[in-house]
Amino acid sequence: MDATSGKSKNGVGKGRLRDAEATKLRILVAAKSDFAKNGLGGARVDVIAAKAKANKRMIYHYFGSKDNLFQAVIENAYHDIRTAEQKLNLDDLDPKDALERLVRFTWQYYLKNPEFITLVNSENLHRAKHVKRSELIKAETRKFVAMVSGILERGVSSGDFRAGIDPVQLNITIAAIGYYYLTNRFTGSIIFERDLMEKDALNERLEFNIDTIMRLVSA
């Protein structure tokens, strides 16, 4: 027990650790918002610090640089979607139901997490230099590909899916048919003279995505 404070030294240490973790979390949340809005080049450390109710010194203390902070944000972004995919428990479902659930999830995730799309766009502008050095992203994506591969294998065994489908190609297609629609929603709405983000249009698109993928894999 600390005679001057009445608190155990261990308790004080735990309190400081909680404060540090809370500060890092606020910085990451603020950084995600600013990077998604302005990209790596346009984001400003002082703006992020103000939003996080921290200071620039703390950002450099915890992350070292703006580039390293973006690295942490992009890793968290991929970690969040990969974790959510694993929680779908697709291995417990009939292969057709599992694949449909994955298509629905991907579309809904993009709608609910628009920052993910803009962060990925920003990372592609930088030629994936942060993803390249992230073993976490690579490891979690391997698990995801294995999960999709398992769905396909079960579908082939049940006679529902044709053989020879590459799970990576399938995942790219599932992502692309939702990703392209949403990243081009403004120009598309003008060019095709319909509101692509209207509720019925979004539901129609989801059903089209599901039908497209199911036809693609069907035996």
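Ala163 sits in the loop that links helix H8 (135–158) to helix H9 (167–183); helices here are DSSP runs of H or I with at least four residues, numbered from the N terminus. Ala163 and Ala219 are 56 residues apart in sequence, with 7.8 Å from C-alpha to C-alpha.

A word on the model itself: it is predicted, so local features need pLDDT of at least 70 and side-chain atom pairs count only at pLDDT 80 or more, while totals for chains, interfaces and linings use all residues. Residues are numbered from 1 along each chain as its sequence is written, and side-chain values use heavy atoms, leaving out hydrogens and water.

Next comes helix H10, where Ile191 lies. Ile191 counts as exposed, at 61% relative accessibility. Together with Ile190 and Phe192, Ile191 forms a nonpolar surface patch with about 390 Å² of accessible area. Patch members have over 30% relative accessible area and no salt bridge, with nonpolar side chains joined within 5 Å and like charges within 9 Å; a salt bridge puts a side-chain nitrogen of Lys or Arg within 4 Å of a carboxyl oxygen of Asp or Glu.

Glu198 is in the loop between helix H10 (185–191) and helix H11 (199–217), and is partly exposed at 34% relative accessible area. On the surface, Glu198 gathers with Asp195, Asp200 and Glu204 in a patch of negative charge. Helix H11 also holds Asp211, which is partly exposed at 36%.

Definitions and conventions: Areas by Shrake-Rupley, 256 points an atom, 1.4 Å probe, with all protein chains shown as cover. Lys, Arg positive; Asp, Glu negative; His and termini not counted. Charge placed at Lys NZ, Arg CZ, Asp CG, Glu CD. Helix = DSSP H or I, 4+ residues; strand = E, 2+ residues; numbered from the N terminus. Buried < 20%, exposed > 50% of the residue type's maximum accessible area, 1.4 Å probe, protein only.
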